[in-house]
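Thanks for coming. I will show the model first and then talk through a few of its parts.

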Amino acid sequence: MADRMEPVLPGSFLGILGGGQLGRMFTQAAQAMGYKVCVLDPGSDSPAGAIAEKFIQADYTDPAALKEMATVCASVSTEFENVPAQALDALEALGVFVAPRSSCVSLAQNRIAEKKFLATWKAETNIGPAPHFVIEHDADIRHVPAELFPGILKTARMGYDGKGQATIYDVDALTTAWNEFGSVPCVLEKRMDLDFEVSALVVRGYDDAVMAYPVSQNIHRNGILHTSTVPAPSLKPEQEKKIIAAAKSLIRKIDYVGVLCVEFFVLKSGDIVANEIAPRPHNSGHYTMNACVTSQFEQQVRAMARLPLGDTRLLAPVAMLNLLGDLWFEEADAPKEPAWDQVLAHPDVKLHLYGKSEPRMGRKMGHVNCLGESLGAVRQVCSAVALELGLEP
Ligand code: ADP
Ligand code: MG
């Protein structure tokens, strides 16, 4: 195994826990730099596993699988946010360089811990979480402050793409919703008056170098990211500065190595609220694949290989449009193939499909990055592509 201080050099294996689209794009970036990749995922049909040099199909906590991974890989990262912390700890105990480490991943896995951390962080950055209340027992419901209604009830664990969330208007509805969620630990968060949403993508190297990408402005539909636009059209320069400084201080504070995404709300009042953190490359950072000197996936490779980080500079304005499985259906039961020829007739559009065998409604199948000389041009191309794909404007 490589000395802890030495870089992991091309030709070596890098490991990734999770075999979804993020793992696949990580694998492609690693392979482009001459690395081999070992993917561990419980599913047989894995977009990353299909292209990796080595695919271990097993549960994340399977001791034999983790041992095999540790034998092959000097360095391991995760693309799956809910990977059990014990898997990361086991790999570290076996001498693997794990980036980000399990304490960072655990923080993002539990909204209760995450909010608590974001609240302490406020003293430093002046950006805190939305007002919220933790619900772990029946009795807690009686103590929920009235000013949190209307609120959003979120399960503490396993929520993503708006899953495990319900909008709540009063205590009765809260009781019902909490029971429907199986009375698991939850957070009730005040529903904020959002002006728009943004995310900061930062990266920290093994040597404590920290770099930030330009902040992206994000639009969600049905809880799922729809578009990310960079530079963020509505964000004021001083807001962007504040957000980037906050994200940079956060990544250092938790001693995180690798790519980290922090989601923020910008309120109608102009105030900024920290929403959540994702301990990995993020959907809102896919724009970097075509619009930045270094993509978020290459950056993850560099960080976990203990190599110098790449430039995060934006080369051109860009809008990323997510492609969900819905595009493969005319009606619920009438399959179709999206009009790729029309999409690619725009020379500034870059298509990324994840190689998933079965399109399903709401499933992330790919994305396009629409580049242009100005935000106006980017918007125009992105709207045209959306229209050609049959998406509502
Ligand atoms: P997920 O883990 O599913 O991404 P989020 O907490 O990021 O969960 O919520 C998903 C989306 O729901 C957010 O991007 C935002 O659009 C909306 N949302 C979440 N919390 C709030 C809130 N407190 N006030 C207003 N909108 C919210
Ligand atoms: Mg989110």
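This is a predicted model: local features need pLDDT of at least 70, side-chain atom pairs count only at pLDDT 80 or more; totals for chains, interfaces and linings use all residues.

Residues are numbered from 1 along each chain as its sequence is written, chains are lettered from A and ligands numbered from 1 in the order in which they are written, and side-chain values use heavy atoms, with hydrogens and water left out.

Start with ligand 1. Of the 19 residues around ligand 1, the nearest are K154, G162, Q165, E197 and N275; near means a heavy atom within 4 Å. Strands β8 (151–155), β10 (186–190), β11 (194–204), β15 and β16 each give at least two residues to that shell. Strands here are DSSP runs of E, at least two residues, and helices are runs of H or I, at least four, numbered from the N terminus.

Now the polar side chains. An oxygen atom of ligand 1 is 2.8 Å from a side-chain N or O atom of Q165, and for R111 the distance is 3.0 Å. E263 has a polar side-chain atom 3.1 Å from a ligand 1 oxygen. Taken alone, ligand 1 exposes 540 Å², and the protein buries 89% of that; areas are Shrake-Rupley with a 1.4 Å probe, and for residues only the protein chains shown count as cover.

The magnesium ion, ligand 2, is coordinated by E263 (OE), E263 (OE) and E276 (OE), at 2.0 to 2.7 Å. Donors are N, O and S atoms within 2.8 Å of the metal (3.2 Å for Na, K and Ca), and water is not among the atoms, so sites may look incomplete. E263 sits in strand β15 (residues 258–267) and E276 in strand β16 (residues 272–278), 13 residues apart. Both E263 and E276 are buried, that is, under 20% relative accessible area, with exposed over 50% and partly exposed in between (1.4 Å probe, protein chains only).

Next, strand β17 (residues 318–324). Why is β17 largely enclosed by the rest of the structure? Because seven of its seven residues are buried. V318, M320, N322 and L324 point one way, and A319, L321 and L323 the other. β17 pairs antiparallel with strand β21 (residues 364–371) over seven bridges, where pairing needs at least two DSSP bridges. L324 stands opposite K364 in β21.

How values were computed
A polar contact is a pair of N or O atoms within 3.5 Å; within protein, one must be able to donate a hydrogen and the other to accept it, and residues adjacent in sequence count only if both atoms are side-chain atoms.
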